[in-house]
Amino acid sequence: MSQHYKKFLSLLERWPLDKSKVGRDLGQYLRDQLSAVLGTSNIIAVKDERLNRQFRSLENIVNDVHAKRHPRTLNSTATGLSGEQCREVLSTEFLQILQKKN
């Protein structure tokens, strides 16, 4: 258990938290899942290979492996918004403003 816990903890230390997505942030979700899975006595029921695959996949994301291997040639999105504009639209603050209007 401690081997997996240390690996995932090291990975999550490099995973950024997005303060604009309170309650919806992937980094926070992963931290919560780590506590739920690796912090219980049920760790024996979790298969090592499955944990290793999940770790490798998350590590690829946090290290931008695919983004570096396949760099984007355009900075546009399907919506026509910039990356920063997309982040603003997806923020918790913006979603609260939309809910108030409805």
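## Arginine 87 and glutamate 84

Arginine 87 is partly exposed, at a relative accessible area of 46%. Partly exposed lies between buried (under 20% relative accessible area) and exposed (over 50%), for a 1.4 Å probe and protein chains only. Glutamate 84 is also partly exposed, at 43% relative accessibility.

These two side chains form a salt bridge, 3.4 Å from N to O. A salt bridge here means a side-chain nitrogen of Lys or Arg within 4 Å of a carboxyl oxygen of Asp or Glu. Both residues sit in helix α5 (residues 83-89), three residues apart, or about one turn of the helix. Helices are DSSP runs (H or I, at least four residues), numbered from the N terminus, while strands are E runs of at least two.

## Basis of the model

The model is predicted: local features need pLDDT of at least 70, side-chain atom pairs count only at pLDDT 80 or more, and totals for chains, interfaces and linings use all residues. Residues are numbered from 1 along each chain as its sequence is written, and side-chain values use heavy atoms, with hydrogens and water left out.

## Arginine 14 and glutamate 59

The structure holds three salt bridges. One of them joins arginine 14 to glutamate 59, with the closest N and O atoms 3.8 Å apart. This pair links distant parts of the chain: arginine 14 belongs to helix α1 (residues 2-14) and glutamate 59 to helix α3 (residues 48-62), 45 residues apart.

Arginine 14 is partly exposed at 40%. Glutamate 59 is partly exposed at 26%.

## Glutamate 49 and arginine 56

Glutamate 49 and arginine 56 meet through their side chains in a salt bridge of 3.4 Å, N to O. Glutamate 49 is partly exposed, with a relative accessible area of 44%. Arginine 56 is partly exposed at 41%.
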